[in-house]
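This report concerns the pairing of charged side chains and the packing of helices. Please look at the sequence and the structure before reading on.

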Amino acid sequence: QLRHVPSIYPAGIYAGLGQNDRALEWLERAYEERSEVLILLKLEPIFDPPRSDPRFQSLLRRLNFPE
């Protein structure tokens, strides 16, 4: 039986491996899925590697996190 795996999980794996492009692809999928786990995105240390990427910052802005 197949189960849906939220995109935030592969994103975290790729971020942990330092594969920022792949992590950001999966984060975009999580955004499109409206994943509630994205509320942790600003605080979760696993996402430190892609944090300085402009695409990551754009995602944070779209999520309307306070500055």
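Asp 21, Asp 53 and Arg 55 are joined in a network of salt bridges, a salt bridge being a side-chain nitrogen of Lys or Arg within 4 Å of a carboxyl oxygen of Asp or Glu. The model is predicted, so local features need pLDDT of at least 70 and side-chain atom pairs count only at pLDDT 80 or more, while totals for chains, interfaces and linings use all residues. Residues are numbered from 1 along each chain as its sequence is written, and side-chain values use heavy atoms, with hydrogens and water left out.

Side chains of opposite charge can pair when their charged atoms come close. In the whole structure, a search finds 5 salt bridges. Three pairs are set out below.

| Pair | N to O distance |
|---|---|
| Arg 55 and Asp 21 | 2.6 Å |
| Glu 25 and Arg 22 | 3.0 Å |
| Arg 62 and Glu 28 | 2.6 Å |

Which parts of the chain does the pair of Arg 55 and Asp 21 tie together? Arg 55 belongs to helix α3 (residues 54-62) and Asp 21 to helix α2, so this pair ties together parts that are 34 residues apart in sequence. Helices here are DSSP runs (H or I, at least four residues), numbered from the N terminus. Arg 62 forms a salt bridge with Glu 28, and this pair also links distant parts of the chain, with Arg 62 in helix α3 and Glu 28 in helix α2, 34 residues apart. By contrast, Glu 25 and Arg 22 both lie in helix α2, 3 residues apart, and are separated by about one helical turn.

The accessibility of these residues can also be stated. Arg 55 is partly exposed at 39% relative accessible area, a class that lies between buried (under 20%) and exposed (over 50%), with a 1.4 Å probe and protein chains only. Asp 21 is likewise partly exposed, at 47%. Glu 28 is partly exposed at 25%, and Arg 62 is partly exposed at 32%.

Helix α2 also meets helix α1. The axes of α1 (residues 8-16) and α2 (residues 20-32) come within 8 Å and cross at roughly 165°; axes are lines fitted to C-alpha atoms over the stretch in contact, and angles run from 0 to 180 degrees between N-to-C directions. That makes α1 roughly antiparallel to α2, a term for angles over 145 degrees.

How values were computed:
Helix = DSSP H or I, 4+ residues; strand = E, 2+ residues; numbered from the N terminus. Parallel < 35°, antiparallel > 145°, perpendicular 65-115°, else oblique.
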